[in-house]
Amino acid sequence: HIRKSIPGVAIRTTLMTGYPGETEKAFRNMLELVDSGAFDHLGVFSWSPEPDTAAFAYRQDAVDRYTAEERAAMLLSAQAEIVEARSQERLGSECLIVIDGPDETVPGYVLGRTEFQAPEVDGWVRVRGNYSAGSWLQVRLTGVDMYDYQAVVPEKN
């Protein structure tokens with residue numbers, strides 16, 4: 001419904017595996033949701049007992065660590081296929097990015113983010129140039145490596 005109402009929207013979430021009481025059926029439902037392509041970006045982590053949290057009292061009902069981590073890996077694997085397909089679809093398109101700063105690994109380039117990339121978790125866009133952090137730049141996406149894009153500044157007509 002959201003995608004039909006808002007063309008081009010990006011949907012992201014974070015999922016947890018292994019929470020106390022998580023059943024195989026609950027996990028399969030989560031995996032089915034991810035497989036459906038519901039999310040453009042997805043973070044996944046496995047539950048761990050943290051003292052001074054409400055869930056700590058339920059730690060005896062938690063899924064074992066190995067199973068929780070295996071489930072997290074399955075979710076990430078399913079999402080990787082979706083991300084790869086969506087990233088390929090975006091190649092050649094133009095978008096606005098906000099510049100985060102210079103690329104410390106490749107001199108002469110800066111790193112930025114599109115509106116569909118959350119800071120520090122969803123990848124970046126690398127573009128040649130010297131642009132100030134916080135500035136906005138219209139770019140064309142020319143390459144992709146899973147979550148990270150390469151881009152150029154389009155020539156003005």
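**Entry 1: a helix pair.** I began with helix α2 (residues 24-35) and helix α3 (residues 65-90), whose axes come within 9 Å and cross at roughly 15°. The axes here are lines fitted to C-alpha atoms, for helices over the stretch in contact, with angles running from 0 to 180 degrees between N-to-C directions. Helices (H or I, at least four residues) and strands (E, at least two) are DSSP runs numbered from the N terminus. I noted that α2 and α3 are therefore roughly parallel to each other, a label given to angles under 35 degrees. The crossing of α2 past α3 is right-handed, that is, the near helix is turned clockwise from the far one by less than a right angle. On the α2 side I listed Glu24, Phe27, Arg28, Met30, Leu31, Val34 and Asp35, which meet Arg71, Met74, Leu75, Ala78, Gln79 and Ile82 of α3; contact means heavy atoms within 4.5 Å.

**Entry 2: basis.** I am reading a predicted model, in which local features need pLDDT of at least 70 and side-chain atom pairs count only at pLDDT 80 or more, while totals for chains, interfaces and linings use all residues. Residues are numbered from 1 along each chain as its sequence is written, and side-chain values use heavy atoms, with hydrogens and water left out.

**Entry 3: the barrel.** I followed five strands that close into a barrel in the order β3-β4-β5-β7-β6, with mixed pairing; strands pair if DSSP finds at least two bridges between them. Neighbouring strands of this sheet are turned by 50° against each other on average, direction ignored. Strand β3 (residues 94-102) pairs with strand β6 (residues 136-145) in the antiparallel sense over five bridges, and I found Trp136 in β6 as the bridge partner of Val98.

**Entry 4: an arginine.** I checked Arg126, which lies in strand β5 and counts as buried because its relative accessibility is 18%, the limits being under 20% for buried, over 50% for exposed and partly exposed in between (1.4 Å probe, protein chains only). Not counting residues up to four places away in sequence, Arg126 touches residues including Asp103, Tyr109 and Tyr149.

Notes: Angles under 35 degrees count as roughly parallel, over 145 as roughly antiparallel, 65 to 115 as roughly perpendicular and the rest as oblique.
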